[in-house]
Amino acid sequence: MVEKAKEEVAETIKSEGERATLETGVMGLNPELVKLIGKLKYRTSYGQNVLNHSIEVSNLARIMAEELGLDSKRAARAGILHDIGKALDHDMEGTHVEIGVEILKKFKENPLVINAVEAHHEDVEPQTLEAVLVQAADAISASRPGARRETLEAYIKRLEKLEEIADSFEGVDKSYAIQAGREVRIIVKPDKISEADMTIIARDIAKRVENEMEYPGQIKVNVIRESRAIEYAK
C-alpha cells in the first residue's frame, strides 16, 4: 500500500507539472524541472498553494510583458520557475531563492531567467525588465484579497493596535475592530464629543492608523455618537 501510494503521488506530481507548463505555455523545460514544479502542489506559503501561485505569476508576467512589447516567453518562464526552490527547501540548506538558482544552474537554464528568479525578492539587481515584471507579478499574486492567510498572532496584534489607537483619543468611550480589521467602530461620549467634533476625530484617527500601521486595502473608521433618554412609567 505504501508503494502504491508513492506511485500515485509521483504520478500526480508529474501530471501537475505538465498541467502547469501547458497552462502557462512554457515549453522546453527539463523533465526534472517539470517534476519539481509538480511538487509545488504539496507546498503552501501563508496558506497559498505555491503551484497555483507560480501559475498565476507566470501568466501575469506574460500578460504584462505582451502589453509592454517585451519578451513574454522569458517572463512566463521566469514566473513559473521563480519559487522552484520551495520544492526542495525542506531537504536542502539555504533559502528557496538560493536553492532555486542552484537547481536552474544545474539544468543550464537561461542566465536571464536565473537572474529573474534570483531577483524576485530583491536579493540581486534585476538585469532585465522581464525580471521586474516577475517581481510585480509575485507581489500581485501574493497580496490579492484572500490569497494568503495571515498568522493568527499578527492578525490579533493588528486588531489590538487598531482598538488601542482609537481608545487613546479623548472622548472615546469604546472602540471595536470588526470585519477582520477592515473597520473600526468607535463609540464616543456624547457629553464630550459634539456632532461637529465627530468628523474631526474620525479624520484624526484615520491619519494615525495610516501613519502607525501596515495593512492591506483600507480601514473604515466609523464614529458613532448616540444620546439616549430613558425614563420608566410605573
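Analyst: In this predicted model, the largest nonpolar core has 35 residues, and Ile-37 and Leu-81 are those with the most contacts inside it. Two or more residues come from each of α2 (31-39), α3 (50-68), α4 (72-81), α5, α6 (111-119) and α7 (129-143). The most is given by α3, with six residues. In soluble globular proteins, nonpolar side chains tend to be buried together.

Turning to the charged pairs, the count of salt bridges comes to 16. One of them joins the side chains of Glu-23 and Arg-19 at 2.5 Å, N to O. Both residues lie in helix α1 (residues 2-24), four residues apart, about one turn of the helix. Glu-23 is partly exposed at 42% relative accessible area, and Arg-19 is partly exposed at 29%.

Another salt bridge, at 3.9 Å, N to O, is formed by Lys-192 and Glu-170. This pair links distant parts of the chain, 22 residues apart: Lys-192 is in the loop between β4 and α9 (195-212), and Glu-170 is in the loop between α8 (152-167) and β3. Lys-192 has a relative accessible area of 47% and is partly exposed, whereas Glu-170 is exposed, with 64%.

The side chains of Glu-183 and Arg-185 also meet in a salt bridge, at 3.2 Å, N to O. Here Glu-183 counts as buried because its relative accessibility is 7%, under the 20% limit. Arg-185, at 33%, counts as partly exposed.

Notes:
Residues are numbered from 1 along each chain as its sequence is written. This is a predicted model: local features need pLDDT of at least 70, side-chain atom pairs count only at pLDDT 80 or more; totals for chains, interfaces and linings use all residues. Side-chain values use heavy atoms; hydrogens and water are left out. A nonpolar core is a set of buried Ala, Val, Leu, Ile, Met, Phe, Trp, Tyr and Cys residues joined through side-chain atoms within 4.5 Å. Buried means under 20% relative accessible area, exposed over 50%, partly exposed in between (1.4 Å probe, protein chains only). A salt bridge is a side-chain nitrogen of Lys or Arg within 4 Å of a carboxyl oxygen of Asp or Glu.
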